Amino acid sequence: MGRGLVYLAVAGTTWGTTGAAVDIVYRSSDLGPMALSFWRYVSGLALLLAARAFLRIRTAPAPSASSAPRVLRQPWWRGQRLLLLGGTGIGLAVFQTAYFGAVQETGLAVGTIVTLGAGPVFTAIGGRLLLNERIGRGGVMAVCGALGGLAVLVLGDRTGTVDPLGVGLALLSAAGYAVATLLARWTGRRGGGGEDPYSLTMWSFGIGAVVLLPLAWAEGLVPHTEHLGRVLLLMAYVAAVTTALAYPLYFAGVAAVRATTAAVVMLIEPVSAAILAVTLLGEHLTTATVLGTLLLLAAVAGLAVAESRLPAPAAA
């Protein structure tokens, strides 16, 4: 469990730096959110494939196929797997691209806070409507608190630092995250053998890259800049550290600790993003921004506590 907490803390901290790296890329080149998402997925997928090939070479040979236990799939699993992989790939593509667009429109701090604050709320609402998962009174209060935080964040801003389009993109990003999460929950409850997180991540990256390719091509795949070295270095950092490293660490962490604990630990991501926005990028946090942020983060923590008190759902 201690190792899992470290994994989650590292993943959350590195994910909190993604928006800052992307913001600097925006300031240094003409790359847009579609192209950045495409290159992140392609590079991350290449690194994960290389890591898997390297580990297979270093690992001792597995037992023969005749002695290895076979995972029995339900008859419907092939269609469900296609829905899981395709839906997760598209959901993550929307999540990542809309988030990059939100950072471009309304800044790193607000874009990250709205996305990561609304994501768990959308997931809880979708779980109640689509999967018949209970929320409970505490969960309802947390959802209302999150909506209140969003309202304060947007309506309480009088300085123009919060852009409505950027907030809309952040909410769209949160919806993409919720779709991917709900699909994983749904297929997991149906049984059929499941899909290991490493394979699911690689398939999602590949499908997301295919979906984004025509949009990224139209936007412009090649950066035009006088700071090409800086742009390439930042894109390599996003692909290697915040993608190929952080995602496996996150999946390993959530497998070792309770979901509630993971949700609370991952609040380090918007906090680290806000700190970088102020100290590195020179963004200003107004009173409304700080108050809305505190309400959102408190709502997510409250939602995690409320879910921990609910009984585990019975297997389908």
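Is Leu-294 buried or exposed? Select Leu-294: it is exposed, because its relative accessible area is 53% (buried is under 20%, exposed over 50%, partly exposed in between, with a 1.4 Å probe and protein chains only).

A word on the model. It is predicted, so local features need pLDDT of at least 70 and side-chain atom pairs count only at pLDDT 80 or more, while totals for chains, interfaces and linings use all residues. Residues are numbered from 1 along each chain as its sequence is written, and side-chain values use heavy atoms, with hydrogens and water left out.

Stay with Leu-294. It sits in helix 11, residues 287-308 (helices are DSSP runs of H or I, at least four residues, numbered from the N terminus).

Next, select Ser-43. It belongs to helix 2, residues 33-58. Ser-43 is partly exposed, because its relative accessibility is 28%. Its side chain reaches the backbone oxygen of Trp-39 at 2.8 Å. The C-alpha atoms of Ser-43 and Ala-209 are 9.8 Å apart, although 166 residues separate the two along the chain.

Which residues line the largest cavity? Select Ala-21, Val-22, Val-25, Leu-36, Trp-39, Arg-40, Ser-43, Leu-234, Met-235, Val-238 and Ala-239. A cavity is a set of points, on a 1 Å grid over the protein atoms alone, where a 1.4 Å probe fits but cannot get out; lining residues have an atom within 4 Å of a point. Helix 1 (2-28), helix 2 and helix 8 (228-256) each give two or more residues to this lining. The space inside is about 90 Å³.

Methods. A polar contact is a pair of N or O atoms within 3.5 Å; within protein, one must be able to donate a hydrogen and the other to accept it, and residues adjacent in sequence count only if both atoms are side-chain atoms. On a 1 Å grid over the protein atoms alone, a cavity is a set of points where a 1.4 Å probe fits but cannot get out, and a pocket is an open set with protein on both sides within 12 Å along at least five of seven lines; lining residues have an atom within 4 Å of a point. Grid points are joined across faces, edges and corners, and a volume is the space filled by probe spheres set on the points.
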